[in-house]
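Me: I'd like to go through this structure and ask where its labels come from. Can you set each value against its cut-off for me?

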Amino acid sequence: MTTTRSFRWDHAGAPSLTGQAGAFKDLMKAVLIGSAGVAYGSGASAKAAAGWSNAFPADETTTKIAIRNSLAAGGNGCYLRIDDSHAQYAIVRMYESMTDIDTGTASAANVDLYIPKSTAASSATRAWVVIADERTFWGCTLASSSTPAPGEQNNLSSFGGGDVDSFIPSDPSCFIAANDTTDANTTCGLFFNSTSLSVINGAGIFLSRDSLLSVASTPFGVLSMNATSTTSATDAIGGSLRTLASPMPGYVGDVCVNAFAAAGGTLRARLRGLFIPLSSLGPTTSVGSTKAFIGQPGGSLMVAIGGQTNTAITAPNRGRLFVETVQSWG
């Protein structure tokens, strides 16, 4: 079993996310690898890192790093490469394998993807959350402010990477989810089509090679991200006013379901740790806030990240997705 760990901008000793080169790289290095296994803090407030490793420490620079998930914890050994040489955004890739910090094979996406950091190239701090275990991470940045607000959607960018729990034998099953634009003024929320989980071109959650389909190095955008290139205008699941289902009659509280990925007409994998609320939570829930859902194991507590249910950034579409912060993701 893996151990789930939650990190956020307002923890004591947490790294700052700013509009400066290297800020996102340092943040992700801290929470995924840490120093002697500690992400930040000291004494009773020390936060253990997620258990990933620095793949090429001799090649690391102030703005560039390759981070590998844990084989010992059951990970596939995929590599997250971060190029954080730009002030307002970082460039990310996920590879099945790498031979050095600049050379990888079987990229989960055949294009660079981006993590917006700040709407200004400055030292002003921004809000962020990262939830991770030894195999997978999810996160969200708020590029315009250090104070998230309920119903806020502008300038939120959700992201993720690492392993999925594949239903396909011998599936490499690493993925990357991030924005398709360098513009920190855009919104990038995980976007779930309400009628199907069909392939949608453009930015998205990209899965690496699908052994079932025998397609080498071809990414499958299994779920769209709301960004400038998204063309779908279909209502979708995501905890907004355009909800898939109302709360169950007789239940006091909200229900959520695990998120899954489909590709090639096949249900391919469970997205580890990621959950979709079935009732409207976007207008009342700020990114980084926590919530307990009914029907989940005792002690479960989930944190909100940005979800988006339509290409239009309007109140009915402002959704939230949730990531488990306490229970193991398996």
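Me: What lines the largest cavity?

Reply: By that 4 Å rule, the lining is made up of Phe24, Leu80, Val92, Ile115, Phe137, Phe159, Gly160, Ile176 and Ala177. Strand 12 and strand 14 (174-177) each bring at least two residues to the lining. The space inside comes to about 30 Å³, and the search of the whole structure turns up one cavity of 30 Å³ or more.

Me: How many residues of that lining are nonpolar, polar and charged?

Reply: Eight are nonpolar, one is polar and none is charged. Gly counts as polar under the scheme used, and Gly160 is on the lining list.

Me: How do you know which parts of the model to be careful with, going by pLDDT?

Reply: pLDDT runs from 0 to 100, and it stays under 50 over residues 192-203. Residues 212-237 also stay under 50. The model does have contacts beyond four places in sequence there, 37 for residues 192-203 and 108 for residues 212-237. Still, where pLDDT is low, the predicted coordinates should not be read in detail. For the chain, the average is 80, and 74% of the residues score at least 70.

Me: What makes helix 1 mostly covered?

Reply: Eight of its ten residues, in the run 23-32, are buried. Those are Ala23, Phe24, Lys25, Leu27, Met28, Ala30, Val31 and Leu32. For context, the chain has one helix and 23 strands, and buried residues make up 57% of its 330 residues.

Me: Why is Ala36 called exposed?

Reply: Exposed means over 50% relative accessible area. Ala36 has 84%, so it counts as exposed. Ala36 sits in the loop between helix 1 and strand 2 (38-40).

Me: And what is noted about the phi of Ala36?

Reply: It is near 55°, a positive value in a residue other than glycine. Most residues other than glycine have a negative phi. Ala106 also has a positive phi near 55°, but Ala106 lies in strand 8 (residues 103-107). With a relative accessible area of 14%, Ala106 falls under the 20% cut-off, so Ala106 is buried. Gly34, which follows helix 1, has a positive phi too, near 75°.

Me: What does the side chain of Arg5 reach?

Reply: It reaches the backbone oxygen of Ala49 at 3.0 Å, which is within the 3.5 Å limit for a polar contact. Beyond four places in sequence, Arg5 is in contact with Ala48, Ala49, Ala50, Val130, Ile131 and Ala132.

Me: What makes Ile131 buried?

Reply: Its relative accessibility is 0%, and anything under 20% is buried, so Ile131 qualifies. Ile131 is found in strand 10 (residues 127-132). Its contacts beyond four places in sequence include Arg5, Phe137, Val303 and Trp329. Ile131 and Val326 are 195 residues apart in sequence, with 9.8 Å from C-alpha to C-alpha.

Me: Asn258 and Asn155: how do you know whether each is buried or exposed?

Reply: Asn258 has a relative accessible area of 17%, and Asn155 has 12%. The cut-off for buried is under 20%, so both count as buried.

Me: Where do they lie, and what polar contacts do their side chains make?

Reply: Asn258 is in strand 19 (residues 256-263). Its side chain reaches the backbone oxygen of Leu271 at 3.2 Å, and a polar atom of that side chain lies 2.9 Å from the backbone oxygen of Leu274. Asn155 is in the loop between strand 11 (136-142) and strand 12 (156-163), and its side chain is joined to that of Ser144 by a polar contact of 3.2 Å.

Key
Residues are numbered from 1 along each chain as its sequence is written. Side-chain values use heavy atoms; hydrogens and water are left out. pLDDT is the predictor's confidence in each residue, from 0 to 100. Contact means heavy atoms within 4.5 Å. Helices (H or I, at least four residues) and strands (E, at least two) are DSSP runs, numbered from the N terminus. Buried means under 20% relative accessible area, exposed over 50%, partly exposed in between (1.4 Å probe, protein chains only). A polar contact is a pair of N or O atoms within 3.5 Å; within protein, one must be able to donate a hydrogen and the other to accept it, and residues adjacent in sequence count only if both atoms are side-chain atoms. On a 1 Å grid over the protein atoms alone, a cavity is a set of points where a 1.4 Å probe fits but cannot get out, and a pocket is an open set with protein on both sides within 12 Å along at least five of seven lines; lining residues have an atom within 4 Å of a point. Grid points are joined across faces, edges and corners, and a volume is the space filled by probe spheres set on the points.
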